[in-house]
Amino acid sequence: MGKVQLEDNDIKEKKTEFSLVQVKGTWKRKLGKVNKDTVDCVSAAKIYESITEKGATWTVVSPIVFTYKVTETQDLLDPINDTLLLGHLSDPQQVDDFKKSNNSIKRFVVIDQEVYKIYGPRLTHYLEANNVLYKIMALPTTEENKSMEMALKILEEVNSFSLDRRTEPIIAIGGGVCLDIVGLAASLYRRRTPYIRVPTTLLSYIDASVGAKTGVNFANCKNKLGAYIPPTAVFLDLSFIQTIPRRHIANGLAEMLKMALMKHRGLFELLEKHGRMLLDTKFQADNSVYGLSCLQAASQSTRIAITTMLEELAPNLWEDNLNRLVDFGHLISPALEMKVLPSLLHGEAVNIDMSYMVYVSKESGLLTEEEKQRIISCMVGLELPVWHEACTKELIQRSLQDRLKHSGGLVRMPLPVGLGKA
Ligand SMILES: NC(=O)c1ccc[n+]([C@@H]2O[C@H](COP(=O)([O-])OP(=O)(O)OC[C@H]3O[C@@H](n4cnc5c(N)ncnc54)[C@H](O)[C@@H]3O)[C@@H](O)[C@H]2O)c1
Ligand SMILES: [Zn+2]
């Protein structure tokens, strides 16, 4: 993870390699590689030492492993479902200990204000029924408020609530904005406090919640302040989606379409065929005339979107590799979204960017006319905008120049080269 590999010239420079082994509770350097069978504990970290006439240099290589769970659940706020409180624990012994102990669980919850209006009573009932010592902070976590001020406001309250930073994860419940702000606040508190994400919009269900990124807007730029610190767990309950407006379903479908166009033709065909039904039913099975086919389409499409996303994210959690398919739709959209805020939603801006790139692909001979038509029709069927007057040539040029600056001197545009291939 991160920059753990030694550069070629470091190796040429002849460094002395030390392993780190634990002996009677302290760590010691041991020259060279260590036979794991001969010591109690050997770290994956290494120290390389070079001594020249100018002095000594120690190069520390310390791999960092992140483990987090993304779990589907039903009735997350049913008091008998303990996922929200214990689902992040991976050791069954820890779960047992919790259940047996008489100590109250303590939780700090940050929830989007609109979500609180709908689910607040159920959340409160859930926490009380489980004897939790809690504080709920309901906040207007809108894109315009996605700022460091909001993160600091959360941190003030977290601080006075005095959490145990090892065992009491902060819970974030809301759309992508809420999850991004709380994730950043948690990453800052005591340098890294675990946090849990509960997405309540389609976009955050399939996208914002499953990766490692957190952030707030700064200096009029999208997510300019942020961290790559994943949550300790993500709990997915599709039933939250039933109360979001139709426009926000389409908004989430844009990020789903992104994964479809980049790497899954089957998902593209599913959206082409069932997009309308998914919009009508808001991904809810019990809603209606559509019955079982809706249940299947909802669960298949969300699962494919999440697994394809995780495939791209897990090997590149800190985005060191700049060739990222998940950046499709995110080249001109950040500037566009900020320029017209709040008139375009995130997924809408992403879709406009994608439709522009589909034309670029077609003009470059990477897509056929028929493929281009199918993609654009699918977008329109999903009720997504394919153009916006603020998406001017200047804005596009500026975005491309900006990308050039931040991605190692190459523009690195992911482009579709067929349906489900990039
Ligand atoms: N971290 C990441 O990897 C990542 C990925 C994609 C997007 N994002 C970020 O996510 C944000 C967009 O997320 P979003 O689309 O979820 O927007 P959002 O968080 O603004 O939520 C959209 C609206 O829906 C309301 N809402 C949320 N859940 C609801 C529910 N269940 N019922 C009724 N209303 C509900 C909210 O109050 C809000 O008004 C952007 O800021 C984007 O940058 C982050
Ligand atoms: Zn996005």
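**Reading the model**

Author: Helices (H or I, at least four residues) and strands (E, at least two) are DSSP runs, numbered from the N terminus. This is a predicted model, in which local features need pLDDT of at least 70 and side-chain atom pairs count only at pLDDT 80 or more, while totals for chains, interfaces and linings use all residues. Residues are numbered from 1 along each chain as its sequence is written, and chains are lettered from A and ligands numbered from 1 in the order in which they are written.

Reader: Which annotation does UniProt list for residues 137-250?

Author: UniProt positions are given in the numbering used here, feature names are shortened, and annotations may be inferred rather than shown by experiment. For these residues the UniProt record, an unreviewed entry, lists "domain: 3-dehydroquinate synthase N-terminal".

Reader: How many helices and strands are there in the protein?

Author: The protein has 14 helices and 12 strands. Its radius of gyration is 24 Å, close to the 22 Å that the globule rule gives for 422 residues, so the protein is as compact as a globular protein of that length. The radius is taken over C-alpha atoms, and the globule rule is 2.2 Å times the number of residues to the power 0.38. Along the principal axes, the C-alpha trace spans about 65 × 60 × 40 Å.

Reader: What percentage of the residues count as buried?

Author: A residue is buried if 20 or more other C-beta atoms lie within 10 Å of its own, exposed if 12 or fewer, and partly exposed in between, with C-beta atoms placed from the backbone. Of the 422 residues, 37% count as buried.

Reader: What percentage of the contacts come from residues 24 or more positions apart?

Author: Two residues are in contact if their C-beta atoms, placed from the backbone, lie within 7 Å. Among contacts with a separation of 6 or more, 71% are between residues 24 or more positions apart.

Reader: Which domains does the domain assignment give?

Author: Domain bounds come from an automatic or database domain assignment. Here the assignment gives domain 1 (8-61), domain 2 (69-243) and domain 3 (248-406). The centres of domain 1 and domain 2, taken over C-alpha atoms, are separated by 39 Å.

Reader: Is V158 buried or exposed?

Author: V158 is buried, because 23 other C-beta atoms lie within 10 Å. This residue is found in helix α5 (residues 148-161). Leaving aside neighbours within four places in sequence, V158 is in contact with F108, L163, I170, A185 and Y189.

Reader: Which residues does V340 touch?

Author: Not counting residues up to four places away in sequence, V340 touches H388 and A390. V340 and H388 are 48 residues apart along the chain, and their C-alpha atoms are separated by 9.7 Å. V340 is found in helix α11 (residues 333-340) and is partly exposed, with 15 other C-beta atoms within 10 Å.

Reader: Where is a cis peptide bond found?

Author: A cis peptide bond joins L341 and P342, with omega about 5°. P342 is in the loop between α11 and α12 (346-363).

Reader: What is phi of N220?

Author: Phi of N220 is near 60°, a positive value in a residue other than glycine. N220 is in the loop between β10 (213-218) and β11, and is exposed, with 10 other C-beta atoms within 10 Å. Phi of E383 is also near 60°. E383 lies in the loop between α13 (369-381) and α14 (393-406) and counts as partly exposed, with 17 C-beta neighbours inside 10 Å.
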